[in-house]
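Biologist: I'd like to learn how to read this model with you. Shall we take it feature by feature?

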Amino acid sequence: MVKAVVGEEAQLKLAEERLTKSGPAAQIGLVIGKLSSSLDRGFIFDLVPTPLNDAGEPACSIVGGANDDRKKGGKAKTQADSSALYIDQDWIAEHARQVGRMLLGGIKVIGIYIWASESSFKNSTITMCQTVKAVAKATPFIDADSDERLLVHICYSPMRWTTRNCSLASNITSSSLRPCDFKMGKILTSLQAFRCTYAFDFRVPICRGDESNITRLADILHHCISLHAKELKCAKALIDGKLAIGDEQVASGGVHDVEFLLPFMQDKFDACSQKDIIGVLVFAGAVCSYAYLTAKEQLSQAMTDIKEDIILSLKSRLDIICDATERGSDSIDGSLEEARDQISAEEPVPLLDLQLQRKNCSLLFPRRVFIPWLANTYVCDYIQPSETVEVLNDHCAELMSIEVPLDPSRILEPESEAPISAITQSFWDMLKQHSLSAMPDLSKHDETKSLRSDQKSKNSAGFNMLIPFLVLILSLIVGVVTFAIR
């Protein structure tokens, strides 16, 4: 349970100044940071305001009382006490879902913040707890038993920061909120950075008459990623070339390179040994991942965070493709490649039923790019293979309230040379490729044989021409010896 919270002083002071100058009656947004169960502490890195919804309205507003009781006197106290907060929970949850995709390992959406008067806050306790729960559902923690998030209240009359631990229990009551000790300090400059380029190559058999209901390409890929998450969880790690031990702490300074050693797993084709294999799905590429560790956390936490970041990155890319497909958007046209046989345009590639599909197809995933954020940290975004980094400007400004650097060299694109793709092949095509690669090149064999024959014939001809000269020399020697004897 989180009992104490430390906020990055520089960023929280900037947020306080921004809110004071803009002067809204109420505002809601996301709390970005980290919850450490081992330390029973929470760390707040930044506050990100939720943008206006599609109708141009704020996600949080005052209802049932004065719109802005900061400027009211004592006569308005009764009216102000009846005010409450209206919160667009669906819109905030969607904002959290999209922001969660942009955060790297160890950095998460850990709650929400509210800028409101004390009376409005007290009159909206249940609503805010429900909002926290909606945000937590949109951005779940993987392999974590944490059932809590933070609710930060910034009161402007008088100016005061309070932090509460919100339990995500099924029954939300007033006791779901528990106060936490709160202070500001310097956190970001002490973060340890870890980097990993994780190459993978999954080969999943496509079986005729498979009893499972997982037949669409997108569903199979989701299942494949979930299975590999279990394999990756057991992987050992090398940090800067040395085997990592969980309870160690890494020396500060620089970015630490991580490599994973995966255990040998059972061949996935064994499960289909009694079935007809009609094809193979090849899901391959390389994921570039980062994770950040606070000063007092153990090394095992960094490995957990970077493994989680790899899996979440793969899921986020697939979700982006599926979202665009459901909207009927053309944004993924550049990521679809047809094989030598034309694929019908009636069914998008992610929705193809692979048991019924007899033509090869391939799907290119969005690539991950890294944008400078706070201190020496990064956030990420995903762009289609045909897009450039210029498309990041509006997206980052709307979701994270950050500006993309004008200098493109400051944006990291480590995945450009090894794009992630999913390719389906028929079983016989795969066997044919393996057979051709294993078969010796007969033309080269014939050419070698011909060269050897030519060389042999040349050597034979040379030897035949040498015999008469040897006979002549031998005859001369015999004649000279005979003449000398006489």
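Biologist: In which sense do strand S6 and S7 pair, and over how many bridges?

Modeller: Strands here are DSSP runs of E with at least two residues, helices are runs of H or I with at least four, and both are numbered from the N terminus. Two strands pair if DSSP finds at least two bridges between them. S6 (residues 108–115) and S7 pair in the parallel sense over five bridges, and Ile114 stands opposite His153 in S7. This is a predicted model, where local features need pLDDT of at least 70 and side-chain atom pairs count only at pLDDT 80 or more, while totals for chains, interfaces and linings use all residues. Residues are numbered from 1 along each chain as its sequence is written, and side-chain values use heavy atoms, leaving out hydrogens and water.

Biologist: How do S7 and strand S8 pair?

Modeller: S7 and S8 (residues 159–167) run antiparallel, with nine bridges, and they form a hairpin with two residues between them. Ser167 in S8 is the bridge partner of Glu148.

Biologist: Why is S7 described as largely enclosed?

Modeller: Buried means under 20% relative accessible area, exposed over 50%, and partly exposed in between (1.4 Å probe, protein chains only). Nine of the nine residues of S7 (residues 148–156) are buried, so the rest of the structure largely encloses this strand. In a regular strand, side chains alternate between the two faces of the sheet. In S7, Glu148, Leu150, Val152, Ile154 and Tyr156 point one way, and Arg149, Leu151, His153 and Cys155 the other way.

Biologist: Which residues touch the most other members of the largest nonpolar core?

Modeller: Nonpolar side chains tend to be buried together in soluble globular proteins. A nonpolar core is a set of buried Ala, Val, Leu, Ile, Met, Phe, Trp, Tyr and Cys residues joined through side-chain atoms within 4.5 Å. The largest one has 62 residues, and Leu30, Ile32, Leu85, Ile114, Trp373, Leu392 and Met400 touch the most other members. Apart from this core lies another, of 42 residues, including Ile220 and Ala422.

Biologist: At what angle do helix H3 and helix H5 pack?

Modeller: Two packed helices are described by the angle between their axes and the distance between the axes. Axes are lines fitted to C-alpha atoms, for helices over the stretch in contact (heavy atoms within 4.5 Å), and angles run from 0 to 180 degrees between N-to-C directions. H3 (residues 89–102) and H5 (residues 125–138) pack at about 35°, with axes 8 Å apart.

Biologist: What is the mean pLDDT of the protein chain?

Modeller: pLDDT is the predictor's confidence in each residue, from 0 to 100. The chain's mean is 81, and 77% of its residues reach 70 or more.
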